[in-house]
Amino acid sequence: MEMTEKLKKLDRMYGQARLKEAEEALLQWLKEALMEGDTGAELAIYNELEGLYRTTKRAEEAVQISKKAISLAERMGLAGTAIYGTTLLNAATANRAVGNLEAALGLYQDSADIFRSLGKDGGYEMASLYNNISHIYQAQGKHEQALVSLEQALALVTTMENSEAECAVTRTGMSLSLMALGRFGEAEKKLEEALVWYESPA
């Protein structure tokens, strides 16, 4: 199944907020992929459906689709690849949305391990992973662990061009964990550093 044109069509639907139509198209393409035995298209469609279900506040359905995506990726022999890492990342986000924090944390960490093993540990995707991991720790009240992940995220984004917004968001997250730990002086400093960007002219 040729997916390139289908995904372009899907993007147009998203751009026009035709989400019901997008879901119907994805489900039809899924049927076709299953009939043709096209596992590559099937995996791509599962990941698209998962994102759509998260966007439309149907996180439980997203979790179920994510399980199918992970199982299929493993049957395809993709474990350890970037595709598999992204599939785990999507599943983690779905689990986080329904409050499955331990499952989400494990999936985020497994995804991070894969990207590190592939040498993909210096970009926005890895920084985003660290931030996501920190959110789980914060929700669990594990603020020391959250700070470690936030520091890893900040170390990455500060080396990137045009990353001021990401730096500010990360420093804000750090200030929240520092306050929770009673480290108010450090928290104030991080917040002041974040506010430099928030208060700057657009």
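Where is the place of N162? Select N162: you land in the loop between helix 8 (143-157) and helix 9, helices being DSSP runs of H or I with at least four residues, numbered from the N terminus. Before moving on, note that this is a predicted model, where local features need pLDDT of at least 70, side-chain atom pairs count only at pLDDT 80 or more, and totals for chains, interfaces and linings use all residues. Residues are numbered from 1 along each chain as its sequence is written, and side-chain values use heavy atoms, with hydrogens and water left out.

Stay on N162: its phi is near 55 degrees, a positive value in a residue other than glycine. Most residues other than glycine have a negative phi. N162 is also exposed, at 66% relative accessible area (exposed means over 50%, buried under 20%, partly exposed in between, with a 1.4 Å probe and protein chains only).

Next, jump to K57, in the loop between helix 3 (39-55) and helix 4. Here phi is positive too, near 60 degrees, and K57 is exposed at 76%.

Now select helix 6 (residues 101-117). Its buried residues include L105, Y108 and F115.

Last stop: helix 9 (residues 164-180) and helix 10 (residues 184-198), which pack at about 160 degrees with axes 8 Å apart. Axes are lines fitted to C-alpha atoms over the stretch in contact, and angles run from 0 to 180 degrees between N-to-C directions.

Note on methods. Helix = DSSP H or I, 4+ residues; strand = E, 2+ residues; numbered from the N terminus. Expected span 1.5 Å × (residues − 1).
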